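Dear colleague,

I am passing the structure on to you with this message, and I would be glad if you could look through it before reading my notes. The notes come after it, in the order in which I would go through the model.

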Amino acid sequence: MDKNLLKEFFEKQLIPLWGVAGLKKDGPLLLPKNLQGRFTSAVVYAFPLSDAVIDLLSGGPDLIYLHHYRQVNYLLDRIGILAAELLRQNGYSGLPVPTNQVIDWKEEKGLLSLRQIAIRAGLGWIGRNNLLITPDFGSRIRLSAVLTDAPLDAGEPISFGCGKCTRCLSRCPANAIKAELGDFNLAVCRQFIKETCGRKRIGQNICGLCLCSAKDQLCDGKT
Ligand code: B12
Ligand code: SF4
Ligand code: SF4
């Protein structure tokens with residue numbers, strides 16, 4: 001498969017960041033059992049969230065962010081459906097990964113971890129806020145992917161780039177983010193989100209306060 005076809009497609013959709021994760025070796029780590037062996041690559045892509053919307057957040061999620069979050073999810077799902085069709089028209093199969101659908105409610109997991117796929121494709125690294133951080137947009141992106149059997153060159157992971165920056169620590173009202181990477185506390189993050197979204201009648205488990213911009217990485221004097 002000519003990768004330029006995908007490049008042209010994503011350019012047309014105004015997708016500024018995408019890449020390919022190889023699944024031949026990592027399939028068992030990344031895919032649920034019923035999908036293993038069927039797909040050799042994941043084409044993962046990201047759409048930036050509006051800085052204007054995120055910068056308005058104060059103390060927790062609001063309805064403007066809720067609307068933006070939903071619309072970006074719809075947009076990414078729509079692009080995934082079109083990308084799968086492009087692959088089909090070129091003789092390959094494509095499975096659009098649901099952008100934000102929880103598939104396993106007991107474990108609270110999606111079809112696969114979009115963060116892990118994005119790391120493998122070289123889009124960014126896991127930051128102190130437990131999110132995928134990209135050099136150009138920080139963590140202010142949403143991710144989606146299409147699984148395929150098309151032969152595509154895979155990307156390479158990039159190294160941790162938060163440097164000494166710790167800006168997100170003070171932004172988290174639940175104190176879930178710590179200076180040590182492995183110390184992120186998902187339980188208190190989840191508790192804050194559920195309590196706040198319930199009280200504010202947001203109707204979706206969102207927060208967004210720790211979505212850092214690319215400027216945050218640059219402020220730490222990485223140089
Ligand atoms: C369910 C869910 C939640 C649950 C968490 C449950 C959970 N188990 O993680 C709740 C409601 C708490 C939540 C909160 C948030 N979420 Co959420 N969430 C999801 C969803 C739908 C599924 C996550 C999942 O399957 N997790 C299961 C575990 C296994 O995977 P993981 O957590 O992604 O990956 C971790 C581990 O695998 C480990 N890891 C890393 N490398 C490797 C390598 C190996 C080999 C192994 C074994 C592990 C490992 O580190 C990863 C990061 O912690 C994803 C979409 C998706 N399909 O990925 C969005 C997603 C992760 N959420 C997202 C966001 C933005 C948020 C929030 C900011 C809320 C909001 N939108 O306002 C907060 C952020 C919390 C935080 N700081 O981490 C984005 C992240 C974008 C980014 N820049 O990274 C995603 C990708 C949605 C999207 N389509 O863009 N979320
Ligand atoms: S605010 Fe700084 S430390 Fe936190 S995730 Fe973003 S770049 Fe990393
Ligand atoms: S999503 Fe909210 S509660 Fe969770 S780590 Fe980020 S700022 Fe803290």
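Predicted model: local features only at pLDDT ≥ 70, side-chain atom pairs only at ≥ 80, totals over all residues.

Sorted by class, the lining of the largest cavity has five nonpolar, four polar and four charged residues. Two helices, helix 6 (167-171) and helix 8 (214-218), each supply at least two residues of that lining, and helix 6 gives the most, with three residues.

The largest cavity is also where ligand 2 sits. The elements that give two or more residues to the shell around ligand 2 are helix 6 and helix 8, the two helices that each supply at least two residues of the cavity lining. The residues that surround ligand 2 are Arg128, Asn129, Ile133, Cys162, Cys165, Arg167, Cys168, Cys212, Asp216 and Gln217. By class, this shell has five nonpolar, two polar and three charged residues.

The surroundings of ligand 3 can be set beside this. Ligand 3 is surrounded by Cys172, Pro173, Ile177, Phe184, Cys189, Phe192, Ile193, Cys207, Leu209 and Cys210, and the shell around ligand 3 divides into ten nonpolar, no polar and no charged residues.

Four strands form an open sheet in the order 1-2-6-3, and their pairing is antiparallel. Strand 1 (17-22) and strand 3 (94-97) stand at the edges with a single partner strand each, so one side of each is left without a neighbour in the sheet. From one strand to the next, the twist averages 25 degrees. Which strand does strand 1 join through six bridges? The partner is strand 2 (residues 41-48), and the two run antiparallel; within this pairing, tryptophan 18 has tyrosine 45 of strand 2 as its bridge partner.

With kind regards

Terms used:
Residues numbered from 1 in each chain as written. Chains lettered and ligands numbered in written order. Heavy atoms only, no water. Nonpolar A, V, L, I, M, F, W, Y, C, P; charged D, E, K, R; others polar. Near = heavy atom within 4 Å. 1 Å grid on protein atoms, 1.4 Å probe; cavity = no way out; pocket = protein on both sides within 12 Å on 5 of 7 lines; lining within 4 Å. Sits in = over half its atoms within 2 Å of the grid points. Pairing = 2+ DSSP bridges. Axes fitted to C-alpha atoms, helices over the stretch in contact; angles between N-to-C directions.
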